[in-house]
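This report describes selected surface, electrostatic and packing features of one protein model. The sequence and structure are shown first, and the description follows.

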Amino acid sequence: MIAILFLPLSFVLVLGYAVGAVRAAGEDPGQGPPPWRLYPGGLWVALALLLLTAPFLLAGILVANVLHITALWQSQGTLLDVESFTAAVLILALPWGIVVLLLMPHATARYAATHRARDLFDFASSLRCVRRDFAAWNVTIAAIVTAWAIGLACAALFCVGVVPGVFYAILVSAHATAALNLEATDQRAR
C-alpha cells in the first residue's frame, strides 16, 4: 500500500536510473550497471511519456463510454464499468505500445547522451532514426519487449518479485537503447 502511494515519486526515480543506465551503457557497454543513486532526468522522461500517453487516455475514456452497454456485456453496475474499461485498455494497448516504442528509445538514447530535455521531445528525429536504420531499431525493440516480458514473468512464474524483474528489464532496455545511440554516432562519423 505504501509503495502504491509513492508510485509517482518512485516512477520518476526509476526513470532517472534508467537514463543513468542508458548513459553508462553508452559510455562503456562492458561495464556493470551504475550504482543506485539519484539520477537527474527522470522527470523529463516521465513528462515525455505522459505527453505520448495522454491522447490514449482520452481515447480510452471515449472507448470505455462507447462500450458501456449493458446488452453487450450482459452485466450492470460496477462489473459493467470494469468490463468496458478493460476492453478499452485492451483495444488501445497495442497502438499505445507501438507509438511509445517508435519514439522513446531513440529519444531516450539522445537525452542520455546530451542531457538536453528537448532531445526527448524531438519525435520527428526519432522517426527519422527508425526509418534510417530500421534493422537496429527492430533488434532493440525485440530486446526491450523480451526483457520486460521476462522481467514481469519472473514475478508471476518464479515468485521472484516485481522489483528484480523490473531491474532486469531496465538494465536490458538500457543496453539496447544505448546501442541505438552508438550506431547513430558511428553513422555520423562516417
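The model is predicted: local features need pLDDT of at least 70 and side-chain atom pairs count only at pLDDT 80 or more, whereas totals for chains, interfaces and linings use all residues. Residues are numbered from 1 along each chain as its sequence is written, and side-chain values use heavy atoms, with hydrogens and water left out.

W44 counts as partly exposed because its relative accessibility is 41%, the classes being buried (under 20% relative accessible area), exposed (over 50%) and partly exposed in between (1.4 Å probe, protein chains only).

Helix α3 packs against helix α5 (residues 78-114) at an angle of about 160°, their axes lying 9 Å apart. The two helices are therefore roughly antiparallel, a term for angles over 145 degrees. Axes are lines fitted to C-alpha atoms over the stretch in contact, and angles run from 0 to 180 degrees between N-to-C directions. The crossing of α3 and α5 is right-handed, that is, the near helix is turned clockwise from the far one by less than a right angle.

The structure holds two salt bridges, each defined by a side-chain nitrogen of Lys or Arg within 4 Å of a carboxyl oxygen of Asp or Glu.

| Salt bridge | Closest N and O atoms |
|---|---|
| R23 and E27 | 3.3 Å |
| D119 and R116 | 3.2 Å |

R23 and E27 both lie in helix α2 (residues 7-27), four residues apart, or about one turn of the helix. R23 is partly exposed at 29% relative accessibility, while E27 is exposed at 57%.

In the other pair, D119 is buried, with a relative accessible area of 7%, and R116 is partly exposed at 37%. R116 is located in the loop between α5 and α6 (123-132). Although R116 and W44 are 72 residues apart along the chain, their C-alpha atoms are separated by 9.6 Å.

Terms used
Angles under 35 degrees count as roughly parallel, over 145 as roughly antiparallel, 65 to 115 as roughly perpendicular and the rest as oblique.
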